[in-house]
Amino acid sequence: MKLMLFRHLWGVDEAWETFFPKAKKAGYQGIETGVPQGKDRAKLKKLLKDNGLKLIAGIYTGGHSATEHAESFEAQLADAVSLDPVLVNSHSGKDYFKASENSAFFSRALKAEQKAGVKVAHETHRGRVLYNPWVTRDILAEFPELSLNFDLSHWVCIAERLLETEGEIIKTAAKRCIHIHARVGYEEGPQVPDPRAPEYQRALLAHEAWWDMAWAAQKAKGEKVSTLTPEFGPPDYMHTLPYTNAPVADLNAICDWQAMRQAARFAKKYGR
C-alpha cells in the first residue's frame, strides 16, 4: 500500500502557476480543492496535467432541507466527476437534520455515488451531518456502503476531549475511512496553534493513533493506495496574535511538516 499526499489550496495566497510546482517539489502527488467554475476550471486542469498532479475534488452541499442538500450533492458530484478526481470529499448535509432527514439524504447520495462511479468520502465535519461520533455511529450502521473522510479534529472539538470514551466508535469509523485530513484538534478547538510544539504532542499522538487504525483497516481490505491531506487552515482557523491578527505559525511550514511526518510514519509501517 502506498501513501499519496495531497495539498489543499485552502489558505494558499499565491498564484497556482507558481504554487503547483512548489507542491510537487515538496513531495505532494496531488491537489485538493473545491470545484472551480469558469476559466479557473480550465486552468486547474491544465496545471494539474502540466505538473503531474492528481485531484481530490471538494463539494459542499447547500440548502434548507434534506431534499435540497441531496439535490445539491447530486449536482455538485456530477460537476466534480468531470474533472476526473481520485475521489470526491463531501461536506454533507447539516447538523440540525432529524434522523429521518439524515436517512433520506444519504439514501439519495449513495445512489448518486453509485451512478457516478467515483469514490466519495463524507467528511466528519462540524456543522454537517457527521459532526459527532454518536450520530456517525448510527448512520454507519444504517448505511454499510458509506465511506468517510477521517477528520477527527472536529469530533475532539465537539466532545471537548481526546475521545477517550469513544474508542469503539472510532474503530468502526476507521474501517470506513478512505481519506484522511491530518489536522490536529485539541480539547478547546479544531486546530492546535502548531502541531510541532511540545505542549500539543498529546493531541498529535492521539490523532496519529486514529490514523494508524484507518491505515490498518485499508491494508486489511487490500487497498493499494491511501490518501492524506495535511489540512491545516489559515486565520481565523489558525490562531493569531491579539490586536495584530498576525498568524502564530507559518501555514505552509506546518502543512509540509505534517505531510512529511505522516509519510515517514507510513513508510515505516508499509514501505514506500
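**Exercise 1.** In this predicted model, which side chain meets E14 in a salt bridge?

*Solution.* Look for a nitrogen of Lys or Arg within 4 Å of a carboxyl oxygen. K22 supplies the nitrogen, at 3.2 Å, N to O.

**Exercise 2.** Work out which parts of the chain the E208 and R261 salt bridge ties together.

*Solution.* The closest N and O atoms of E208 and R261 are 2.5 Å apart. E208 lies in helix α8 (residues 201–220), and R261 lies in helix α9 (residues 251–270). The pair therefore ties together parts that are 53 residues apart in sequence. Salt bridges with shared partners join E208, D212, R261, R265 and K269 into one network. Now accessibility: E208 is buried at 4%, whereas R261 is partly exposed at 27%.

**Exercise 3.** Describe how α3 (residues 66–81) packs with α4 (residues 99–116).

*Solution.* Take the angle: about 20°. Angles under 35 degrees count as roughly parallel, so α3 and α4 are roughly parallel to each other. Their axes lie 9 Å apart. The crossing is right-handed. Contacting residues include F73 and L77 in α3, and F105 and R108 in α4. By class, the contact has nine nonpolar, two polar and five charged residues.

Conventions. Residues are numbered from 1 along each chain as its sequence is written. This is a predicted model: local features need pLDDT of at least 70, side-chain atom pairs count only at pLDDT 80 or more; totals for chains, interfaces and linings use all residues. Side-chain values use heavy atoms; hydrogens and water are left out. Axes are lines fitted to C-alpha atoms, for helices over the stretch in contact, and angles run from 0 to 180 degrees between N-to-C directions. Helices (H or I, at least four residues) and strands (E, at least two) are DSSP runs, numbered from the N terminus. Angles under 35 degrees count as roughly parallel, over 145 as roughly antiparallel, 65 to 115 as roughly perpendicular and the rest as oblique. A crossing is left-handed if the near helix is turned anticlockwise from the far one by less than a right angle, and right-handed if clockwise. Contact means heavy atoms within 4.5 Å. Ala, Val, Leu, Ile, Met, Phe, Trp, Tyr, Cys and Pro count as nonpolar, Asp, Glu, Lys and Arg as charged, and the others, Gly among them, as polar. Buried means under 20% relative accessible area, exposed over 50%, partly exposed in between (1.4 Å probe, protein chains only).
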